Amino acid sequence: MTTVPKFVIGNWKMQARHEYGLELAEGVAQGLKKTPPPSHLHTILCPPFTQLSGVHDVLSKVALPDDQLALGAQDCYPASSGPFTGDISPQMIKALGANYVILGHSERRQNHGETDAVIRQKVKAATAAGLTPIVCIGEHLAERNEGRAASVLASQIEGSLTRGFRGIVAYEPVWAIGSGITPSHEELQRKLTLIRALLPMRLMTDDIRVPVLYGGSVTSVQAPSIMSIEALDGVLVGSASLEAQSFLDIITAAAEATTPQLTS
């Protein structure tokens, strides 16, 4: 029997310039050192590419275990090297001390035209480089209102994940990101239950338990209610991760709302 891990992930997006990013990482790390979360709760910081090395140095100096506070990136290119101007390979990310990478965020899908097939290639490349992929899925408001959310999520899971996928899935309804609106407790429970049912069909096995997170306007006020949902394994936090105390409050709420679960 093993304990099911829980996650609180901070996605800084294209924000927090260098000096502030270092201060932010220091604040989070020192807060966790002062009040360590339970061992089953893992915190991950995902700064912009330009911040990875500096944030890694900060985390190394505070010397928390990687399973307590780890580093992640926000994207990668699906090749180890080559003539790809402006892109970053998963091997480069790994060499800077990161262990995770966010892939398929709706802002990448919308603003960069990333398809499920492209995301799946990135998942393969990231996994091969030793990174744990955090794959984002979620429906648009029109798809939700038209009753197509289930088919959209099924298509994204089928297209974006590899067989035997060993990573994290983050459900982020596009209409909730940055809007201050979150799904009702009941709607979120339904969506998470659906995702849990879809994953084994894509993975072709029942033996892999993929952590499923929620993202979309997560705050410290909402975190206890969100984390109380049994099918949920954590949260992917955007703007609320850009202030150390706000992010620490979410970690505290997650710690208080969760108890270790065992899986065989």
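**Reading an annotated site and its surroundings**

Tutor: Start with His105, found in the loop between strand S5 (100-103) and helix H4 (106-111). Helices (H or I, at least four residues) and strands (E, at least two) are DSSP runs, numbered from the N terminus. This is a predicted model, in which local features need pLDDT of at least 70 and side-chain atom pairs count only at pLDDT 80 or more, while totals for chains, interfaces and linings use all residues. Residues are numbered from 1 along each chain as its sequence is written, and side-chain values use heavy atoms, with hydrogens and water left out.

Student: Which residues does the UniProt annotation "active site" cover?

Tutor: His105 and Glu172, according to the unreviewed UniProt entry. UniProt positions are in the numbering used here, feature names are shortened, and annotations may be inferred rather than shown by experiment. The two span 68 residues in sequence, yet no two of their C-alpha atoms are more than 8.3 Å apart, so they gather at one spot.

Student: Is His105 buried or exposed?

Tutor: His105 has 4% relative accessibility, so it counts as buried. Glu172 is buried too, with a relative accessible area of 6%. Glu172 sits in the loop between strand S7 (168-171) and helix H8 (185-203).

Student: What is His105 in contact with, leaving aside neighbours within four places in sequence?

Tutor: Contact means heavy atoms within 4.5 Å. His105 then meets Asn11, Lys13, Cys136, Glu172 and Ile177. With residues up to four places away likewise not counted, Glu172 touches His105, Cys136, Ile137, Gly138, Ile177, Gly215, Gly216 and Leu236.

Student: Which residue follows H2 with a positive phi?

Tutor: Ala63, with phi near 60°. Ala63 is not a glycine. The loop between H2 and S4 holds Ala63. Its relative accessibility is 58%, so Ala63 counts as exposed.

Student: Which residues in helix H2 are buried?

Tutor: In H2 (residues 52-62), they are Leu52, Gly54, Val55, Val58, Leu59 and Val62. Their cover includes helix H1 (18-34), strand S3 (41-46) and strand S4 (69-73).

Student: Take Ile44 in strand S3. What does Ile44 touch, not counting residues up to four places away in sequence?

Tutor: Phe7, Val8, Ile9, Gly10, Ala70, Leu71, Gly72, Tyr100 and Phe247. Take Gly72: it is 28 residues from Ile44 in sequence, but 6.4 Å away in space, C-alpha to C-alpha. Ile44 is buried, at a relative accessible area of 1%.

Student: At what angle do the axes of H7 and H8 cross?

Tutor: Two packed helices are described by the angle between their axes and the distance between the axes. Axes are lines fitted to C-alpha atoms, for helices over the stretch in contact, and angles run from 0 to 180 degrees between N-to-C directions. Helix H7 (residues 149-160) and H8 cross at roughly 35°, and their axes come within 10 Å.

Student: Which residues of H7 and H8 meet?

Tutor: H7 brings Ala149, Ala150, Leu153, Ala154, Ile157 and Glu158. From H8 come Lys191, Leu194, Ile195, Leu198, Leu199 and Arg202.

Technical notes:
Buried < 20%, exposed > 50% of the residue type's maximum accessible area, 1.4 Å probe, protein only.
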